[in-house]
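Subject: Structure for your files

Hello,

Here is the structure I said I would send. Please open it alongside this note.

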Amino acid sequence: MGQSKEILENKKRFTPRNGVEFIKLDIKDPKLKEWANADYSVIDYPSGHLKYNGGSSYQYDAGKTLRINDEPVMDTCERPWCEKTVRLMFEGIKGARTDLREKYEAPRILELGYGLGITSLEVLRGLDGGIVTPGPRGGEYTVVELNDRIAKFAQKTIGERIKSLRALEQGAESNIKATVIQGNAYDALEILSQEVKQKKRKPF
């Protein structure tokens, strides 16, 4: 409990930008702090072939790679997997919504790591009802991202994407509540758990 209390006390909430709340956690571990403060780059690469032992090969399209401290973090070749995973999730949500006769609650989704934002875009589309029909038209979306620059980029792009969704076509207000937490996943989960216990947030 002492550690949880310390984590709760060492967080900063910032005024929402584009409707997206930003929470910054204090990071003490030197290695985590180095990663949190590191620069990132997005590098283009051309299409090509990857040859395997045995003679078989795999053709890949041109794309982009996200690197932090010159280490690969995410690649656009992951897009099909990301899109399929999110679709399966929302198909499951739709099934639960159909099967349960009790009052339906809007989904609450937690994502660990923002990367290139590929999964994020699909999650927001799904919350807006753009993946399965009839599907959710609203909900809560929380992203935990260790790198400070990517977390701020996430706050900006999530806000812009929410505004561009068709839920806002006629000037309607968004029914998607988004939060970005900049910090390590363990501490973020401690905070979210405490906020659930304090009834400040519903469980995921």
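This is a predicted model: local features need pLDDT of at least 70, side-chain atom pairs count only at pLDDT 80 or more; totals for chains, interfaces and linings use all residues.

Residues are numbered from 1 along each chain as its sequence is written, and side-chain values use heavy atoms, with hydrogens and water left out.

Helices (H or I, at least four residues) and strands (E, at least two) are DSSP runs numbered from the N terminus. Buried means under 20% relative accessible area, with a 1.4 Å probe and protein chains only.

Strand E2 (residues 20–25) has 5 of its 6 residues buried, so it is largely enclosed by the rest of the structure. E2 pairs with strand E10 (residues 176–182) in the parallel sense, over 5 bridges; pairing requires at least two DSSP bridges between the strands. Glu 21 has Thr 179 in E10 as its bridge partner.

Helix H6 (residues 185–197) has 13 residues and spans 18 Å from first C-alpha to last, close to the 18 Å expected at 1.5 Å a residue; the expected span is 1.5 Å times one less than the number of residues. The buried residues of H6 are Asp 187, Ala 188, Ile 191, Leu 192, Gln 194 and Glu 195. Viewed down the axis of H6, these buried residues fall within an arc of 160 degrees, so they line one face of the helix; the arc is taken from the directions from the helix axis to the C-beta atoms.

Regards

Definitions and conventions
Buried means under 20% relative accessible area, exposed over 50%, partly exposed in between (1.4 Å probe, protein chains only).
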